[in-house]
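I opened a new structure today and kept short notes as I went. Here is what I looked up.

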Amino acid sequence: MIRGRNLPGRAFVSDGEALANVHVALQVRREPSDPVRADASSAEWSTDVRVVTDSEGRLDFRGPAVHGRAGDRFLYLTWGDVGNDGSFTMFRRAKLVLHQVDDQLARDAERHSRPLIATVDLTDEHGCPRCARVDPPAVMWSLG
């Protein structure tokens with residue numbers, strides 16, 4: 001589960017272009033899923049992520065929203081401007097790195113069938129939509 005807080009607002013200028021209907025969504029495969037207006041008080045997405053152990057005992061992650069190669073898995077939150085026709089034009093993404101999750105926390109989530117929760121500050125230090133790799137304290141992982 002991803003819980004977004006401190007959203008930046010619906011208006012943003014990206015590369016000189018004024019965007020007036022900014023939304024953020026979980027990227028599932030190549031598509032935005034469950035877009036939330038960037039002026040909402042909070043955002044939440046649920047997705048299936050399975051924790052598996054490879055032949056050498058290392059944790060790995062699988063699921064429709066999981067991207068990257070073994071050892072470098074992550075989830076994307078994608079920022080886009082939504083047109084009058086409902087189209088979503090992506091202009092940046094935030095990467096939630098799954099291997100930043102403490103191994104014991106991930107194992108406990110899987111073992112006890114409890115959700116792993118990423119709480120993400122969606123506004124960066126400049127008041128813009130958070131993008132690139134998201135590191136603590138901008139993301140905190142916990143059990144639900």
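**Pocket lining.** I sorted the lining of the largest pocket by class and got 13 nonpolar, 2 polar and 4 charged residues. This is a predicted model, and I read every entry with that in mind. The lining comes to 19 residues. Thr-47, Val-49, Arg-114, Pro-115 and Leu-116 lie nearest the pocket's centre. I put the volume of the largest pocket at about 290 Å³.

**Who supplies the lining?** I checked the elements next. β7 (50–53), α1 (103–111) and β12 (116–121) each give at least two residues to the lining of the largest pocket. α1 gives the most, with 3 residues.

**Core.** I then turned to the largest nonpolar core, which has 35 residues. Trp-45, Leu-77, Leu-96 and Trp-141 touch the most other members. Elements that each supply at least two residues of this core include β10 (74–82), β11, α1 and β14 (139–143). In soluble globular proteins, nonpolar side chains tend to be buried together.

**Leu-77.** I listed the contacts of Leu-77, leaving aside neighbours within four places in sequence. Among them are Ile-2, Val-24, Trp-45, Leu-96 and Leu-122. Leu-77 also contacts Arg-92 and Arg-93.

**Val-97.** I found Val-97 in strand β11 (residues 88–97). Is Val-97 buried or exposed? Its relative accessibility is 6%, so I count Val-97 as buried. Leaving aside neighbours within four places in sequence, Val-97 contacts Arg-73, Phe-74, Arg-133 and Trp-141. I looked at Phe-74 again: its C-alpha atom is 4.3 Å from that of Val-97, although the two are 23 residues apart along the chain.

Definitions and conventions:
Residues are numbered from 1 along each chain as its sequence is written. This is a predicted model: local features need pLDDT of at least 70, side-chain atom pairs count only at pLDDT 80 or more; totals for chains, interfaces and linings use all residues. Side-chain values use heavy atoms; hydrogens and water are left out. Helices (H or I, at least four residues) and strands (E, at least two) are DSSP runs, numbered from the N terminus. Buried means under 20% relative accessible area, exposed over 50%, partly exposed in between (1.4 Å probe, protein chains only). Contact means heavy atoms within 4.5 Å. On a 1 Å grid over the protein atoms alone, a cavity is a set of points where a 1.4 Å probe fits but cannot get out, and a pocket is an open set with protein on both sides within 12 Å along at least five of seven lines; lining residues have an atom within 4 Å of a point. Grid points are joined across faces, edges and corners, and a volume is the space filled by probe spheres set on the points. Ala, Val, Leu, Ile, Met, Phe, Trp, Tyr, Cys and Pro count as nonpolar, Asp, Glu, Lys and Arg as charged, and the others, Gly among them, as polar. A nonpolar core is a set of buried Ala, Val, Leu, Ile, Met, Phe, Trp, Tyr and Cys residues joined through side-chain atoms within 4.5 Å.
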